[in-house]
Amino acid sequence: MKDLRKLEEIWAKFVYEGEMDPSVQPAVAEGWRRCRAAGVNPIGGRGRRVDDEVFRSIREANAELIDVAMPIMQSVFDIVRRTGFLMVLTDSVGYVLETMGDERIMAMTEDLRFVPGALWDNNSVGTNAISVALDSNTAIQMAGAEHYCRTHHGWTCSAAPIHGENGEIVGCLNMSGEAADVHDHTLAVVLSAAIGIEGKLSLLHSAELMRSALEGSADSILLLGENLRPVWANSAAGELLGLDGGQIGELDVRALLPDLDWNARPWRREGGFYADDLRVATAEGIVRCSAAITSASALGTPTLNVVLKRQKHLIASVNKLSGNRALYTFDDIFAADPEMKKTVSLAARYAHYDGNILIEGESGTGKELIAQAIHNAGSRASGPFVAVNCASLHRDMLDAELFGYESGALPGAPSRGGSPGKFELAHGGTLFLDEISALPLEFQPKLLRAVETHRVTRLGGQQEMELDIRIISSTNRRLGELAASGHFRDDLYYRLNVLRLEIPPLRSRPGDIRVCAERFLARLNGRDPSQAKSMSEDFLEGLLAYGWPGNVRELQNGVERAFYSTPESVLGAQSLPLAVGDAPAPSAEAPAESGEILAALTLCGGDVEKAAERLGVSRATLYRRIKRYGIDLRGSRQ
C-alpha cells in the first residue's frame, strides 16, 4: 500500500527544491523532470477540451478502437460500478475518447475537465498514469502526489497502453478513483482489459484480411445494401443461386436463408454472425451451407457481407477455434427404436426447462450427443457449452479446474493473473459434467453447494460469483445404486437427478443398428463418392447379431473401418470381421436376449411374424436367433 503522506513530502521536495527522491518510479520521475523543464504549473492540472469539430474527427479516426473497447469497458465497469471508480479510454496521443462512471465520480471529473475531448498528456495536465503509459509504453499505477499537479493528488489512477496489430500504441485504458482506494488489483484489472481489447483488435484485423482474401475465392459472396437486397455478388454466388448479373438485385435473401431470424439482426453482435449449417435455397434446391454475415461499409454506406460455403458435414475445426460450443442438435440423433424415440422425445421436452438433468447410459450410447442437443434446443443455445470429463480431472486440481483460481493461489501457475473455472466459463450456457460418478466423495460437498446455489468462489478468492448456468450430468453407472451403497452422496444425487434420462444400450434396440449403420455409410459415401459402397443383407444381419458392448460409438467405428478396408463396392460377409472383430459371437447379454425372445413368442402365441414385429427385427433374423439359442417354438405355443 502506498504511503500517501510520504508521497506528498517527496513531491514537495521536487517541486519546491528540485530534489528527486530515488524511490519515485523511474517513469514518473522522468515525467516530473519534463514537466519542470516545460514549465508546467504544479498547481494546475485541469484539462482543456478541443472544439466539437476537432473532437469529431478524433473520434472518427479512432472509431475502430472505440467500437472494440466499449463492450469490454462496460463489462469491467459493471463489476466496479458501485466502487467509485471511473473508466477512461484515450487515443494514442492522450485525447479522452470515452468515460464511464457513477454520478459522483463524473461530477469530480467535470471539475478537473477530465472529460471526452480533453488532452491528458504530460505537458497539458502534468504527469499522470495516462501520460506515463503512453510515453513509456508500460502499464502503471499512480496514487496521490505521484501526480505532478496538486489537483490530481486526491486520485489514484491505473493505466495500460493498448497496442495495434503491428505493436504500435493506439490508445490507453485507465481506471481512476479516490487515492485512499488504491489497490494493486486495480492495475491487474486494467491490464487484463487492455489485453482483451488488443485481442479483439487483432481478430478484427484478421477478419478484414480474411474478407479481402474471400473476394477472389470460390466461396459464394454477396454484398447486401441497407434494404437487404444484393448490390454485388461474385461469380460463385451467381452459379450457386442460378442467377446472372441482372437478376442479382431481385434476390430476396430472406427466402435464400429461411433459417435465419433476419428481424433479430444477429450480425450486429460483436464479431458478426456465423453458422456452420444453414439451409440455403439454391437453383439446385435446398442445400446446406455455412454462413458468415458481417457488417461492413462501402463508400460510407452500411452494408452486409454474406459468405456462403457448401457444407455436407459440420466442420469441427470452427468449433475448436470458437471455444466451448455445442455442435449437435436433435436432427443429428438417429432413432428408429420405440424406446429410444421416447428417450429423445423426453429429452426434447426437458430442453425447455431449467432443471438439472441426469443422463445414464453405457459408454458409447451418445450421452454427450443428447446433452448437446438439449443445449441447442433450449433458451441458452447461443451461450457456451462447457464439457468436463470428471474422470480425467486430477484429484488435487478439482477446485481449480471447476471453480477457477485467483492470482498466486495455485503453485506453478502464472503470477500475472488467475484463471476462470469450468463453472465460470459456462455462464450463460450449459455445464456438462460427464462421468459424474468418478468424482471423489470428499469433493462432492463443494460440488453440491455450487449445483444448489449456482454460485462459486475461485480458489484463493473472496468474491462469490452468481452464475446463470444449466447443469447436465452423465454417468455410465447407476448413480442411484452408488448413492444407496454410500459410494456417492445421496443429497448430490437427488440434486442432480431432477430430470432423468436413460439411454438404452444399442443391443436392446436392434432397429437402431440398421438405421445408424445406413446413416454412417451414407455419410462416408458423401465424403468419398469415388469409393461409394452399399451393404448386403448378410452384412446387416451380422451387425444385428453382434452385442455391441461399445454401443453406437463402436458401430460407427466398425462401419468406417469396413468402408475403408473393403476394396469391393459392397460390404458383405467378407467385411463383417472388419466391423465386429474376428468372432462376432453372441454377446454376454445372450441369456437376457434369449429371455426377451421367448417372452415375445409367448405373448404372441408362438407367431414368429408377430414376435419379430414386436421385437423390431425381421422374421429371418428372429428365426436365426431362435436357432442360435435353441428355443423350442412348440413350448411358446402352449
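How many salt bridges does the count come to? The count is 29. Keep in mind that this is a predicted model. Let's visit some of those bridges.

**Stop one: R34.** Select R34 and E30 together. Their side chains meet in a salt bridge, 4.0 Å from N to O. Both sit in helix α2 (residues 26-38), and because they are four residues apart there, about one helical turn separates them. R34 is partly exposed, at 31% relative accessible area, and E30 is partly exposed too, at 40%.

D135 is partly exposed, at 47% relative accessibility.

**Stop two: D354 and R380.** Here the side chains meet in a salt bridge of 2.9 Å, N to O. D354 lies in the loop between α12 and β11, and R380 in the loop between α13 and β12, so the bridge ties together parts 26 residues apart in sequence. R380 counts as buried, at 14% relative accessibility.

Next, pick E360, R478, R500 and E502: salt bridges with shared partners join them into one network.

**Stop three: T430.** Find strand β15 (residues 430-434), where T430 sits. Is T430 buried or exposed? T430 is buried, with a relative accessible area of 1%. Show its neighbours: T430 touches residues including P384, F385 and I472. Finish on H375, whose side chain makes a polar contact with the side chain of T430 at 2.6 Å.

Conventions
Residues numbered from 1 in each chain as written. Predicted model: local features only at pLDDT ≥ 70, side-chain atom pairs only at ≥ 80, totals over all residues. Heavy atoms only, no water. Helix = DSSP H or I, 4+ residues; strand = E, 2+ residues; numbered from the N terminus. Buried < 20%, exposed > 50% of the residue type's maximum accessible area, 1.4 Å probe, protein only. Polar contact = N/O pair within 3.5 Å; in protein donor to acceptor, adjacent residues only side chain to side chain. Contact = heavy atoms within 4.5 Å. Lists of a residue's contacts leave out its neighbours within four places in sequence.
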